[in-house]
Structure formats: structure tokens, C-alpha cells
Amino acid sequence: MRNKNVVQNLADKKVGTGKRAKIIIAIIALIFICVGAFGGYRYSNATTFPKGVKIDGVDVSGLKTEDAVKKITDANNSFTIEEEGQEPKKINTSFTYDIKSAVRAKIGISSVDPRVLIGKGVSYNISLKNAGGIKESAKTIGDAVPDAQGVKYTEDAYIDYNNMKIVPEVQGDSVDFTKVAKDIAEKKASDYKFNKYKIDRKKLISEPKVTAESLKDEFEFAKKYISKPLYLNTVTGTPYEVDQNSLAKVILYTKEGPKYSKKGAKEVAKGIAEKYSGNTLTVKTLAGDKTLYNSALKLSVDVDKTADSILDSAKNGKTGTIVTDRAASSGDGSHLEINLAAQNVKYIKNGNVVFTSSVVSGGPGHRTRTGIFKINGKMRNVTLKGRNDDGSDYESPVSYWMPFDGGNGLHDATWRGAFGGGIYVSNGSHGCVNMPPSMAAQLFGIIPAGTIVYVYN
């Protein structure tokens with residue numbers, strides 16, 4: 001009986017010990033679950049770095065992700081550029097780094113890091129992978145350690161479409177500062193402590209990225225597709241010429257054939273819009289291109305519609321249209337040209353000179369103003385009134401009056417016996433353009449009101 005009791009007691013003790021072990025294990029598990037839950041909560045809800053945290057040597061205590069990224073980026077854009085025989089130059093580059101996600105992760109990690117929880121400082125390292133700023137940094141470096149005076153700069157080969165020739169590359173001895181910036185960025189990515197860079201100019205010579213040899217196929221393409229300018233109808237009646245260098249932005253080279261660029265067409269259209277809305281405009285005249293004060297053709301160009309017209313014209317080889325806030329003309333090239341140096345007026349219609357007359361323009365102190373104007377109206381039998389230099393008044397009856405610049409215009413001058421040459425120098429008008437009566441009558445009969453007038457020297 002005694003033996004039975006002993007065995008029973010031992011069994012009871014064993015059961016009790018097992019229960020206690022299970023309870024202890026359960027408590028420990030519960031503690032781990034609580035700690036894990038607490039840690040997970042802190043990790044997922046942490047928005048700022050705890051005190052005493054550094055990333056790549058930069059103290060980010062109390063900072064949110066964006067602020068930490070900025071501070072780390074700024075701290076890692078400070079470099080010293082060294083060169084043999086020169087004083088070291090401290091510069092601040094413009095590199096950006098792909099570190100936002102890594103910084104955000106470190107906020108979570110630091111929130112549960114035991115070292116942080118017991119008040120001990122901690123330092124983490126992240127990769128400073130470059131995300132941009134190479135071009136801007138290259139300029140900063142180049143400004144700090146520029147090439148020596150007289151250095152020969154490297155130049156790429158290119159096609160001069162207007163003259164249809166390949167301009168060959170130039171191998172110079174200038175430094176490729178983009179290569180320098182890329183080298184610094186790569187070194188920084190592998191070691192955040194890197195902040196000194198020694199320039200070896202001989203190893204960093206800029207090389208042409210485009211050679212004449214590499215442009216041969218593109219040049220043959222250009223001769224086939226971009227050898228002639230493209231023309232656009234305008235409200236002036238004088239077609240606008242899109243030269244070949246501009247056309248090359250619209251008709252792009254590919255090995256398979258031409259690719260037509262809406263982006264390029266829009267760029268060309270924007271350039272046209274700027275010209276037509278400005279105070280001056282370059283126009284093609286019988287005496288060559290002239291840049292003139294623009295008082296008659298300040299137009300609002302519809303860039304998108306003009307770009308569409310340029311694109312269609314490039315594809316189909318036909319004349320396009322500059323679409324403005326005024327109705328476009330048929331592009332027959334009709335306009336007047338008053339050449340003050342030659343002392344003549346010409347009427348151009350359908351691209352051809354159909355009328356020419358000698359004139360006498362404004363004399364000293366009353367020079368006829370150059371610019372782009374338009375015939376504001378046509379009137380018969382008008383008396384022009386004004387004041388002479390001596391203060392006396394004058395009245396000049398004319399039969400044909402065609403004003404284009406305020407009180408100045410084309411008209412007959414019966415009081416003159418000769419026209420042209422150098423008469424205007426000593427016996428010029430008060431600003432008007434005097435014509436022989438018969439020629440004034442002829443011009444009056446063939447030009448409509450609103451005709452564009454180019455006045456130039």
C-alpha cells in the first residue's frame with residue numbers, strides 16, 4: 001500500500017511539472033507575440049527617426065523620410081577637386097540619389113533596433129546610387145576647374161542640311177567633364193565616404209561622339225528627303241520658307257526610311273509663332289532676306305494647326321499653311337517692295353515682278369521709315385497738308401493716294417521732273433514715296449487695299 005502511494009505521488013508531481021512547463025512556454029510565447037506585435041506596430045507606424053540615428057555618417061535624428069533624404073543628399077554633394085599644381089577646389093554638386101525607399105525602411109528598422117531602444121547611438125549604411133544631376137554637376141566641376149585658355153575643344157560631326165554637307169568631327173584636348181561627373185557618382189555609390197577627386201586631364205580628354213563616317217547613311221537619306229526647303233502659305237502672300245535645317249526636325253532619319261515627327265513640327269511652328277508675334281520679322285525680298293520692324297503682321301499663330309500643316313506638307317511634298325487669327329491667303333506672293341537704296345518700287349504678284357517704277361523717298365530729317373506695312377486704303381484727288389522745315393505750311397494736291405505708314409504713302413508728284421537716283425538726298429520728300437503720275441495711276445489700278453509693303457534699304 002505504501003509503495004502504491006509513493007508511485008501515485010511521483011505521478012502527481014510529474015503531471016504538475018508538465019503543466020508548469022506548458023504554462024511557462026505559453027507565457028514565453030505570449031511575450032514573444034506581444035513583443036513581435038509591438039515591434040511590428042512600431043515598425044509600420046514609425047514616421048521619424050529616433051534620436052541617435054545616423055545614415056552614411058549623417059545625423060537624421062527626428063527627421064521624416066523626405067527631410068532625411070534631403071539632408072543625406074546635401075551632405076553627399078560636397079566634394080574637393082584636386083589637380084596637380086593647382087589649389088584644391090571645394091564644390092557643391094547637384095547629384096540626386098535613389099535612396100528614398102532605403103531611408104524609409106531604415107526608419108522602421110531603427111524604431112525596433114535594441115541599440116536604439118536602450119539609448120545607444122546607431123549608424124546605418126545605404127547605397128548612394130545616382131539618380132540624376134550628372135549634367136548640372138559636370139557644369140559645376142567645369143566652372144571650378146576650367147580648361148586652359150587656348151584649348152582646342154572637341155566637336156561632333158554633323159550634317160549642315162542647308163548647304164547639304166557633312167561637317168567633320170574635331171578631336172580636341174578639352175576635358176570631358178560629363179565623364180568626370182559620372183566617375184565621381186560611381187565612386188560615391190561604392191563608398192559614401194568618398195569626397196575627394198583628383199583630375200587627370202590626359203585620361204579625361206573629350207572624344208567625339210559622332211563621326212563623319214557614322215553619318216554617311218544619314219547624309220544619303222538627307223540628300224533624298226531634305227534637299228529642298230518646305231514652303232508655307234502666309235497672310236503676307238509671300239510663302240514662308242522652312243529651311244532644311246528646320247525640316248530635319250520634322251523628317252527624321254531611320255534605316256527603314258523617313259519618320260515624321262509631330263514634336264519636331266510643333267517646334268518649328270513655335271519658332272514661326274515667335275517671329276510673327278515679335279517686333280521684327282525676317283522676310284525674303286528681291287534684295288535678299290531683310291529683318292524689318294513689323295507693324296502690319298503681328299499675328300497670333302495657331303501652333304497646333306500650323307504643326308499639322310507642316311507635317312502634312314512634309315509627308316506629301318505640297319505647300320502648307322501658317323494658320324493665324326486671320327484667314328490665310330492663297331500664297332500667290334503678292335506684295336510691294338520699296339527699295340530705298342535703289343529708289344524704286346516693285347509689285348510682286350504670283351512670285352513675279354509685274355510692275356517697277358523709280359521713286360523719290362524722304363530726304364534728310366524726313367527719311368521714309370523702313371518696316372513691314374500695308375496699304376491702308378486707296379483714295380483719289382486728295383490734298384496732302386504739312387509743314388516745311390522753315391515753319392511754313394504746304395498743300396500738295398495728288399490724284400492717287402496710297403497711304404501705308406500713318407501720314408506717309410505712295411502718290412503721284414506732278415511737281416517733279418525726275419525720279420530715282422540720288423535725288424532724295426538733297427531734294428527728298430517729307431517721308432512719302434513720290435512717283436511719276438503715270439506710274440502712280442498704273443499702280444493704283446492694280447494693287448488692292450491691304451497689300452503688304454516691305455520698305456527696306
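Residues are numbered from 1 along each chain as its sequence is written. In this predicted model, local features need pLDDT of at least 70, side-chain atom pairs count only at pLDDT 80 or more, and totals for chains, interfaces and linings use all residues, while side-chain values use heavy atoms, with hydrogens and water left out.

**Stop 1: the largest pocket**

Select Tyr240, Glu241, Val242, Lys275 and Thr282, which lie nearest the centre of the largest pocket, among its 22 lining residues. A pocket here is an open set of points on a 1 Å grid over the protein atoms alone, where a 1.4 Å probe fits, with protein on both sides within 12 Å along at least five of seven lines; lining residues have an atom within 4 Å of a point. About 420 Å³ of space lies in this pocket, a volume being the space filled by probe spheres set on the points, which are joined across faces, edges and corners.

Now colour β12 (240–242), α9 (262–277) and β15 (280–285), which each supply at least two lining residues. (Helices, H or I with at least four residues, and strands, E with at least two, are DSSP runs numbered from the N terminus.) Which element gives the most to this lining? It is α9, with six residues.

**Stop 2: the second largest pocket**

Next, select Tyr225, Lys228, Ser313, Ala314 and Gly317, the residues nearest the centre of the second largest pocket, which is lined by 15 residues. Two or more of the lining residues come from each of α7 (216–225), β11 (230–233) and α10 (303–316). This pocket holds about 290 Å³ of space.

**Stop 3: a five-stranded sheet**

Show the open sheet with strand order β20-β19-β18-β26-β21, where the pairing is mixed. Two strands pair if DSSP finds at least two bridges between them. At the edges, β20 (352–358) and β21 (371–374) each pair on one side only.

Zoom in on β18 (residues 335–339) and β19 (residues 344–349), an antiparallel pair with five bridges. Which residue of β19 is the bridge partner of Glu337? Pick Lys346 to see that partner.

**Stop 4: a hairpin**

Finally, select β3 (residues 78–82) and β4 (residues 89–92), which pair in the antiparallel sense over four bridges. Phe79 has Ile91 in β4 as its bridge partner. Six residues lie between the strands of this hairpin, where Gly85 takes a positive phi near 85°.
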